[in-house]
Amino acid sequence: MMVQIGLIALLIVAYVIVSRILKSSVTLLGQKKYANEVRITYVSKMLNLGFTAIFVLLVCLVLGIGYGQLAIFFSSVFAVVGVALFAQWSILSNITASLIIFFGFPYRVGDWVKVVDKDDEILGQITEISSFHVIIHRLSGDVVTYPNSLILQKAVVRFENREAALAMSQFVAHDTLPDKVEEQRTTS
């Protein structure tokens, strides 16, 4: 009994220390990447939630709750959550993509980008990266909300500044101009 109490106390101390290290590491990484404070807080909470689940699992094991009992409990919880998220699979994929974007996305708020999509190329400035989508303001003033899961699947071109994006915009317009001129000549 005393061994269990000692192990639980040790787990609690380790949990507090690792939680603080995790939070400070995410905050430092977020500041290094110039991430929004709300986004840093969101990612910290998501990672802390996962770490808390591991902590609870370890405490249950120390208390002597058997693997079989834990397996039944967690499989029931995951089955219910899985069915709920299967109906909303895009939410789960966007949340996962949000974490990937936070740690590995090479673009930041304020960058000028072009998302290469076969239906519509989106050229503009990233104004926000949230939990579910990236908001891009086009040169025309339109606002595009692009899902996180899709932006990870598309090619994204980053421009050094607005002028480079404008030059690309004019280059695209000049590329299509000869075709329009040729069409006008043949119809005249």
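These legends go with several close-up views of a predicted model. Local features need pLDDT of at least 70 and side-chain atom pairs count only at pLDDT 80 or more, while totals for chains, interfaces and linings use all residues. Residues are numbered from 1 along each chain as its sequence is written, and side-chain values use heavy atoms, with hydrogens and water left out.

View 1. Residues 6-26 come out as 100% helix and 0% strand, with 30 Å between the end C-alpha atoms. For residues 47-66 the end C-alpha atoms sit 26 Å apart, and the span is 80% helix and 0% strand. Helices (H or I, at least four residues) and strands (E, at least two) are DSSP runs numbered from the N terminus.

**View 2. Y15 and F51, ring on ring.** The structure holds three aromatic pairs, where rings of Phe, Tyr and Trp (its six-membered ring) pair if their centres lie within 6.5 Å, and planes under 30 degrees apart count as stacked, over 60 as edge-to-face and the rest as tilted. Y15 and F51 are stacked because their ring centres are 5.3 Å apart with planes at 0 degrees. This pair links distant parts of the chain, with Y15 in helix α1 (residues 2-32) and F51 in helix α2 (residues 37-62), 36 residues apart. Y15 is buried at 18% relative accessible area; buried means under 20%, exposed over 50% and partly exposed in between, using a 1.4 Å probe and protein chains only. Ring pairs also bring F55 into a cluster with Y15 and F51.

View 3. Searching the whole structure turns up four salt bridges, each a side-chain nitrogen of Lys or Arg within 4 Å of a carboxyl oxygen of Asp or Glu. One of them joins K114 and E121 at 3.5 Å, N to O. K114 is buried at 10% relative accessibility, whereas E121 is partly exposed at 38%. Another joins D117 and K154 at 3.4 Å, N to O. D117 counts as buried at 16%, and K154 as partly exposed at 28%.

View 4. R158 and E160 meet in a salt bridge of 3.7 Å, N to O. Salt bridges that share partners tie D111, R158 and E160 into one network. Here E160 is exposed, with a relative accessible area of 65%, and R158 is partly exposed at 40%.

**View 5. Inside the largest nonpolar core.** A nonpolar core is a set of buried Ala, Val, Leu, Ile, Met, Phe, Trp, Tyr and Cys residues joined through side-chain atoms within 4.5 Å. The largest one has 14 residues, and V115, I126, I136 and I151 make the most contacts inside it. β1, β2, β3 (133-138) and β4 (143-147) are the elements giving two or more residues to this core, and β2 gives the most, with three. Leaving aside residues up to four places away in sequence, I151 touches I101, F105, V115, V134, Y146 and V156, a contact being heavy atoms within 4.5 Å.
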